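The following note collects points on the fold, the packing and the aromatic contacts of the model shown here. It is arranged from the chain as a whole to single residues.

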Amino acid sequence: MTMDRMNERVVEAKAETKTFFGLIGAALMIFVGAFVTIFIPYGGIVGAIIAMTGVYIFIYAKEGLKLEYEYTLTNGDIDVAKIMAKSRRKDVLSISASNITYMDYADSDRVKNDLEVKKGQVKVNRFSGISEDGKDVAIYSTEGNKESISIFNFDDKCIGHMKEVLKIKSAIK
């Protein structure tokens, strides 16, 4: 009987750029709604609808400022979920261990070179967050004929888990 090996890690992340654009757009909608309500005759209902929509979008986007990524490693398979405001969860990536071709620290010369040379040819996923207690690790994977490089902020337990599963595919010793 074999036992599944599992690790989980949650890292705080910077808010996405689209969140900031959402906040700016929502503030603009609130302003336009108020303007229409005050200065345009019979514009009260339309202005109120625009302003209320802006308030709703502002509240929704504001929750996106509190962003975390959760990594779940199960026998080398990696599942990533994006968690906003500790209440909304969305699965964003799943990598099978059999599709992983290489693992190394993200600041290694090979990874830096690959990120520069293969720019536009390879999909790059960044889930590294802003945590200080881990190390950024690059995972190379293929699905079909598409290659991708995913950057994660792993702690020592996650790195040990992946080294044990990947063995010769890992440049981290």
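1. Overall dimensions. The chain has a radius of gyration of 21 Å, whereas a compact globule of 173 residues would have one near 16 Å; the radius is taken over C-alpha atoms, and the globule rule is 2.2 Å times the number of residues to the power 0.38. Along its principal axes, the C-alpha trace spans about 75 × 40 × 30 Å.

2. Basis of the note. The model is predicted: local features need pLDDT of at least 70 and side-chain atom pairs count only at pLDDT 80 or more, while totals for chains, interfaces and linings use all residues. Residues are numbered from 1 along each chain as its sequence is written, and side-chain values use heavy atoms, with hydrogens and water left out.

3. Secondary structure. The chain holds four helices and eight strands, in the order β-α-α-β-β-β-β-α-β-β-β-α from the N terminus. Helices (H or I, at least four residues) and strands (E, at least two) are DSSP runs, numbered from the N terminus.

4. Of the 173 residues in the chain, 40% are buried; buried means under 20% relative accessible area, exposed over 50%, and partly exposed in between (1.4 Å probe, protein chains only). Among contacts with a separation of 6 or more, 64% come from residues 24 or more positions apart, a contact being heavy atoms within 4.5 Å.

5. Nonpolar cores. Which members of the largest nonpolar core touch the most other members? They are Tyr71, Ile78, Ile139, Phe152, Phe154 and Met162, in a core of 23 residues. Two or more residues each are given to this core by β1 (6-13), β2, β3 (77-84), β4 (88-95), β5 (100-105), β7 (135-143), β8 and α4 (156-166). Apart from it lies another core, of nine residues, including Tyr102, Val122, Ile149 and Ile151. A nonpolar core is a set of buried Ala, Val, Leu, Ile, Met, Phe, Trp, Tyr and Cys residues joined through side-chain atoms within 4.5 Å.

6. Eight aromatic pairs are found in the whole structure. Phe35 and Phe39 form a tilted pair, because their ring centres are 5.0 Å apart and their planes stand at 45 degrees. Rings of Phe, Tyr and Trp (its six-membered ring) pair if their centres lie within 6.5 Å; planes under 30 degrees apart count as stacked, over 60 as edge-to-face and the rest as tilted. Both residues belong to helix α1 (residues 17-39) and are four residues apart, about one turn of the helix. Phe35 is partly exposed at 42% relative accessibility, and Phe39 is exposed at 57%.

7. Aromatic pair between strands. Tyr71 and Phe154 pair edge-to-face, at 5.6 Å centre to centre and 80 degrees between the planes. Tyr71 is in strand β2 (residues 67-74) and Phe154 in strand β8 (residues 146-154), so this pair ties together parts 83 residues apart in sequence. Tyr71 is buried, with 0% relative accessible area, and Phe154 is likewise buried at 0%. Both rings belong to one aromatic cluster formed by Tyr69, Tyr71, Phe127, Phe152 and Phe154. Leaving aside residues up to four places away in sequence, Phe154 touches, among others, Arg9, Leu73, Gly134, Lys135, Val137 and Ile159.

8. Arginine over rings. The charged end of Arg110 sits over the ring of Tyr102, 3.7 Å from its centre. Arg110 also lies over the face of Tyr140, at 5.5 Å from the ring centre. A charge sits over a ring if NZ of Lys or CZ of Arg is within 6 Å of the ring centre and within 35 degrees of the ring normal.

9. The two sides of α3. In helix α3 (residues 109-117), Val111, Asp114 and Leu115 are buried. They cover an arc of only 100 degrees around the axis and therefore lie on the same side of α3; the arc is that of the directions from the helix axis to the C-beta atoms. The cover over the buried residues of α3 includes β5, β6 (123-127), β7 and β8. Asp109, Glu116 and Val117 are exposed on the other side of α3.

10. Backbone points to inspect. Most residues other than glycine have a negative phi. Ala85 has a positive phi, near 55 degrees, and Lys86 has one of about 55 degrees. Ala85 is partly exposed at 21% relative accessible area, whereas Lys86 is exposed at 68%.
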